[in-house]
Protein chains: 2
Amino acid sequence: MSGTGEGDRTAARILDAAVDRFGRDGFGVGIRAIAADAGVSPALVIHYFGGKDRLRAACDAHVLAALAAEKHRSATDGTAAGLIARLAEIEGFAPMTAYILRSLREGGDLARAFMEQLIADSTAYLEAGVAAGVIRPSRDPVARSRMLSYQAAGSMVLWLTLHPEYAEPDAFARGLNAFVTETMVPMLEVYAEGLYTNPALLEEYLSQLPDTSSSSSSSSEAES
Amino acid sequence: MSGTGEGDRTAARILDAAVDRFGRDGFGVGIRAIAADAGVSPALVIHYFGGKDRLRAACDAHVLAALAAEKHRSATDGTAAGLIARLAEIEGFAPMTAYILRSLREGGDLARAFMEQLIADSTAYLEAGVAAGVIRPSRDPVARSRMLSYQAAGSMVLWLTLHPEYAEPDAFARGLNAFVTETMVPMLEVYAEGLYTNPALLEEYLSQLPDTSSSSSSSSEAES
DNA sequence: GTACCGATTAAACGCTTGTTTAATAGCGGA
DNA sequence: TCCGCTATTAAACAAGCGTTTAATCGGTAC
């Protein structure tokens, strides 16, 4: 019968090595390096996964599945840095976290899927905050959570890109901690008190737009 | 005498081709592609610049010099998207803009220099806004402008990474326009009205920090 | 005239890349 | 015992990489 043979464990080891290497060195890394990490020959990598492109696709699927499984374990707090930091602290999740961050830098399907999920979580989190009375309601809640998600994830990725001393997956926890320490106070300040003294600036901008009634979430839905 | 010979114009053509190719395809692109774009042989590229690494360093210096020259022409508005969008619209600056964005994605010295400059501009701009009474004062103005610069640049870079249909330098203007259109309203909303209903959240966080008096800008100055 | 010099290139070198080919070893079933 | 299947690999392949070597032009100075 098709019982789990010896090769399945080897394939899993190759997949783990691929996620780790891709996350550390980017998707330009060679198959030979991945094979060496997994303790197998380069040919075996291709034998199991069919090629480099399909190996990356398998990594995408693997990380995405692990992400979905982790999501069931505990509710997210809706922020990108919070989610990433929590993932990085989970035993054995650091390589996957690095893989996600690498995908956000180089682009690809996993990055888009991750952002969509982050935006969805953030939307639900903010909505709950609005219902609880701690978050201000928005004229366009989805657009706001999109913007906040892009800002949170983008600033974190950019900060880590410019601070390569935190590149190793072991240093992620420290790097994210440093990033949060550096940005938390001004972020809370802006979110708690605003940035402009005159709220009328927003109204002015809105009044000069062509139409403000039916363009609620058209821009975010028209891009898929 | 050492008048500008024929080779200087050729070297400039190679440099322009390198900036364009690096910006379009990333720093992994081959020297042969750059040489073909410039209409010369690969060996001539190395003859003039000494190797791929030094060619990229020359590109960095070239873009940085052009950026400094452009800075003298008109004052910036202090925002990342505003600066990039204005650069992209200048005749012939689109390839350099792409080069900057590519550097922000892959890291390197130019990316760090660009962010430092952006933060400096943003700090001055916000300070002027505070003096004029339209921007709220901050407990740590530099940290706030750092955070806002990272959020603005990071969200833009991430958005463009996930929307590869705007990858060509010709499409930059449209892409940045789409990004601004998508994020401007919720951004103004948060900046004008805040995100939290209760400003005391910030005070609570500040009071639980070890010390809030002398840690003003230590984190941002300790990283150079 | 000829010796030199910068511009330029074709060709090759050594290396790495992703992938293929062919082979070896081990094991379960007929 | 032989067949077939899976796991696995060494070796080769073709292509691409950055770079080097050696050569060819076209001036310009002496």
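The expected span here is 1.5 Å times one less than the number of residues, and helices are DSSP runs of H or I with at least four residues, numbered from the N terminus. This is a predicted model, in which local features need pLDDT of at least 70 and side-chain atom pairs count only at pLDDT 80 or more, while totals for chains, interfaces and linings use all residues. Residues are numbered from 1 along each chain as its sequence is written, chains are lettered from A and ligands numbered from 1 in the order in which they are written, and side-chain values use heavy atoms, with hydrogens and water left out.

Buried means under 20% relative accessible area, exposed means over 50%, and partly exposed lies in between, using a 1.4 Å probe and protein chains only. Among the buried residues of H6(A) are A:Met96, A:Tyr99, A:Ile100, A:Leu101 and A:Leu104, and also A:Arg102 and A:Arg105. After H6(A) comes A:Gly107, with a positive phi near 85 degrees.

Helix H8 of chain B, residues 141–162, can be checked in the same way. Its 22 residues should span 32 Å at 1.5 Å a residue, and the end C-alpha atoms are 31 Å apart, which agrees. H8(B) is mostly covered, with 19 of its 22 residues buried.

Where does B:Thr123 sit? B:Thr123 belongs to helix H7 of chain B, residues 109–132. B:Thr123 is buried, with a relative accessible area of 16%. Leaving aside residues up to four places away in sequence, B:Thr123 touches B:Val142 and B:Ser145, where contact means heavy atoms within 4.5 Å. With B:Ser145 there is also a polar contact between side chains, at 2.5 Å. A polar contact is a pair of N or O atoms within 3.5 Å; within protein, one must be able to donate a hydrogen and the other to accept it, and residues adjacent in sequence count only if both atoms are side-chain atoms.

In chain A, A:Gly82 is found in helix H5, residues 80–89. A:Gly82 is partly exposed, with a relative accessible area of 21%. The C-alpha atom of A:Gly82 is 10.0 Å from that of A:Ala153, although 71 residues separate the two along the chain.

**Between the two chains**

Chain B puts 54 residues in contact with 54 residues of chain A. The area buried between chain B and chain A is about 5,700 Å², and carbon and sulfur atoms give 64% of it. Buried area is the accessible area (1.4 Å probe) that two parts lose on being put together, summed over both. B:Tyr150, B:Leu195 and B:Tyr196 supply 12% of the area that chain B buries against chain A, more than any other three residues.

**Around the DNA**

DNA strand D is surrounded by 17 residues, and the closest are A:Ser41, A:Tyr48, B:Ile31, B:Arg32 and B:Lys52. A residue is near a molecule or strand if one of its heavy atoms lies within 4 Å of it. Of the atoms of DNA strand D within 4 Å of the protein, 46% belong to sugar or phosphate and the rest to bases.

DNA strand C also has 17 residues around it, of which A:Ile31, A:Arg32, A:Lys52, B:Ser41 and B:Tyr48 come nearest. Sugar and phosphate make up 45% of the atoms of DNA strand C that come within 4 Å of the protein.

Here are some distances to phosphate oxygens.

| Residue | Protein atom | DNA strand | Distance |
|---|---|---|---|
| A:Thr10 | polar side-chain atom | D | 3.3 Å |
| A:Ser41 | polar backbone atom | D | 3.0 Å |
| B:Lys52 | backbone N or O atom | D | 2.8 Å |
| A:Val29 | polar backbone atom | C | 3.5 Å |
| A:Ile31 | polar backbone atom | C | 2.9 Å |
| B:Ser41 | polar backbone atom | C | 3.1 Å |

The elements that give two or more residues to the surface near DNA strand C are helix H2 (31–38) and H3 of chain A, together with helix H1 (6–25) and H3 of chain B. H3(B) gives the largest share of this surface, four residues. For DNA strand D, the largest share, also four residues, comes from H3(A).

By class, the surface near DNA strand D has eight nonpolar, six polar and three charged residues. Ala, Val, Leu, Ile, Met, Phe, Trp, Tyr, Cys and Pro count as nonpolar, Asp, Glu, Lys and Arg as charged, and the others, Gly among them, as polar. The surface near DNA strand C likewise has eight nonpolar, six polar and three charged residues.
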